[in-house]
Amino acid sequence: MLDGITPRGWLAAGIVAVTAMTAYALSGDWQVATVSLAGGLVALLAASQMREEREAEAAALARETAVPGPAIEVAIDAIIEPVLLLEGTRVALANRAARTLLGDHVAGEDVRTAIRHPAAVAYLAELANGKAQPPIELVGLGGLSQRWEMRASALDGHRRLVQLIDRTDSHAAEKMRVDFVANASHELRTPLASIIGYVETLADEAGEDPDIRARFLRIVLDEAKRIERLVEDLMSLSRIEADKFRPPSDTVDLGELIDDVAAALAGAHNGRGRDITLHVTPGLPMLTGDAVQLSQLLHNLIGNAMKYGRPGTPIRVEAAPAAAGMVRLVVADQGDGIAADHLPRLTERFYRVDAGRSRSLGGTGLGLAIVKHVVERHRGRLDIASIVGEGTRVTVMLRAADPAVILS
Ligand code: ADP
């Protein structure tokens, strides 16, 4: 029982004993001393009892209010974005993502050395002065094109949590959207300006000369058709994008679709339709797809081969079963081909190798972007191979409706 007595308890007991002895010395009466000793001990026991109760209550409260869970290191390591815990300006903790971005050495360093970025240094200096800061953008941290949003929140006293949120992708998507709107506006404005110019001239005296009038009206019609093609392609693109997460469900006979598209294009592009040769394996498996979108894909690929292939050379369209439940579609031409450095960018909206040539052939610059989106929606694969001076071969892999019909 004596084990539980604290040093302070022993001191109090000593004082009680000394008090009792003093009472005896002063009064010379044992009874007075005994009463004084008993009273002191009772007071001591009561005080000790109250203290134990208070401690038990405090422990119960601490248990109730404590946040259960792992240690803070484990918790911040589970966060995928870089996080730093600062004590003053020192990095007390850096989670795994922060160590990957800034280096393993950052823990323990001054945060302004750990994040070597001018904007971050200025931000953290203000933070150290105790000023609340709105988030800032850091460009080039970890890589030239990388963008981070940096934000800090005060925890307690001088501890702060600094978070870096990766904004690289959202910035790229926003830039793509802005560029797309700018390009689309430019593509629409050019033929529109031309139409307005010719119509104004026709309204003047030039409109009275029948030859000039006929020529100008033809140009106006061509430009209006160019706008129409552009608007149609823009609408197709937005429809395909809107359907992106809705898998296609038609049962499509690709061979039949190829026949239809080849027939529809027979008279297009200066009679190049007669150079189309079809090589469709008999009994080609059916596809699960979107018939309208696959027809558009064929129009765009065969149309490009007709436009950019050399006049008089064959345009070969093949469809055959491939391994792993896929059907392979190939459209190959013998044209000037495309230099390798352009290949990765061909499916970007409005990307053209030769803008003048594309426009003069009626191109919108959206054909291959549409093809790419159709292939993605069909969970297929697209490959464009080209040799300058020899020609271009576009391969599209599409999923058969019943993969079991194709043996690998
Ligand atoms: P466009 O409407 O300009 O044809 P596309 O998106 O269909 O747009 O194609 C993008 C660019 O890729 C074209 O402008 C052209 O420069 C190039 N291209 C596409 N297909 C071929 C091909 N079969 N042969 C050579 N160049 C091609």
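This is a predicted model: local features need pLDDT of at least 70, side-chain atom pairs count only at pLDDT 80 or more; totals for chains, interfaces and linings use all residues.
The crossing of α11 and α13 is left-handed. α11 and α13 pack with their axes 9 Å apart, at an angle of about 140°. That angle makes α11 oblique to α13. From α11, the contact draws on Gln-293, Leu-294, Gln-296, Leu-297, Asn-300, Leu-301 and Asn-304. From α13 come Gly-367, Leu-368, Ile-370, Val-371, Val-374, Val-375 and Arg-377.

α13 also packs against α8, with the axes 10 Å apart and an angle of about 20°. That makes α8 roughly parallel to α13. The crossing of α8 and α13 is left-handed. Asp-233, Ser-236, Leu-237, Ile-240 and Glu-241 of α8 make the contact, together with Ala-369, Ile-370, His-373 and Val-374 of α13.

**Overall make-up**

The protein chain holds 13 helices and 12 strands. Of its 408 residues, 35% count as buried. Take the contacts between residues at least 6 apart in sequence: 59% of them join residues at least 24 apart.

| Strand pair | Sense | Bridges |
|---|---|---|
| β7 (276-280) and β9 | parallel | 5 |
| β9 and β10 | antiparallel | 7 |
| β11 and β12 | antiparallel | 7 |

His-279 stands opposite Glu-318 in β9. Val-317 stands opposite Val-331 in β10. Arg-381 stands opposite Met-397 in β12. β9 and β10 form a hairpin with 3 residues between them. In its turn, Ala-324 has a positive phi of about 55°.

Helices cover this sheet too.

**The largest nonpolar core**

The largest nonpolar core has 44 residues. Leu-254, Leu-297, Leu-298, Leu-301, Ile-302 and Leu-329 touch the most other members. Elements giving two or more residues to this core are α7 (168-203), α8 (210-242), α9 (254-264), α11 (291-308), β9 (315-322), β10 (326-333), α13 (367-377) and β12 (391-399). α11 supplies the largest share, 7 residues.

Leaving aside its neighbours within four places in sequence, Ile-302 is in contact with Val-261, Leu-265, Ile-276, Val-317 and Val-331. Another core, of 20 residues, lies apart from the largest one. Leu-84, Val-91, Ala-94 and Leu-138 are among its members. In soluble globular proteins, nonpolar side chains tend to be buried together.

**The antiparallel sheet**

A further open sheet is formed by 5 strands in the order β2-β1-β5-β4-β3, with antiparallel pairing. β2 (90-94) and β3 (136-139) are the edge strands, each pairing on one side only. Here the twist averages 30° from one strand to the next.

β3 is joined to β4 (residues 147-154) by 4 bridges, and the two run antiparallel. The bridge partner of Ile-136 in β4 is Met-150. Helix α6 (residues 118-128) lies across β1 (83-87), β3, β4 and β5 (159-166). Its direction is at about 10° to β4.

**Pro-82**

Pro-82 sits in the loop between α3 (72-77) and β1. Is Pro-82 buried or exposed? Pro-82 is buried, because its relative accessible area is 4%, and the cut-off for buried is under 20%.

Ala-98 is 16 residues away along the chain, yet the C-alpha atoms of Pro-82 and Ala-98 are separated by 4.0 Å. With neighbours within four places in sequence left aside, Pro-82 is in contact with Asn-95, Ala-97, Ala-98, Leu-101, Trp-148, Val-162, Gln-163 and Leu-164.

Conventions: Residues are numbered from 1 along each chain as its sequence is written. Side-chain values use heavy atoms; hydrogens and water are left out. Two strands pair if DSSP finds at least two bridges between them. Axes are lines fitted to C-alpha atoms, for helices over the stretch in contact, and angles run from 0 to 180 degrees between N-to-C directions. Contact means heavy atoms within 4.5 Å. A nonpolar core is a set of buried Ala, Val, Leu, Ile, Met, Phe, Trp, Tyr and Cys residues joined through side-chain atoms within 4.5 Å. Buried means under 20% relative accessible area, exposed over 50%, partly exposed in between (1.4 Å probe, protein chains only). Angles under 35 degrees count as roughly parallel, over 145 as roughly antiparallel, 65 to 115 as roughly perpendicular and the rest as oblique. A crossing is left-handed if the near helix is turned anticlockwise from the far one by less than a right angle, and right-handed if clockwise.
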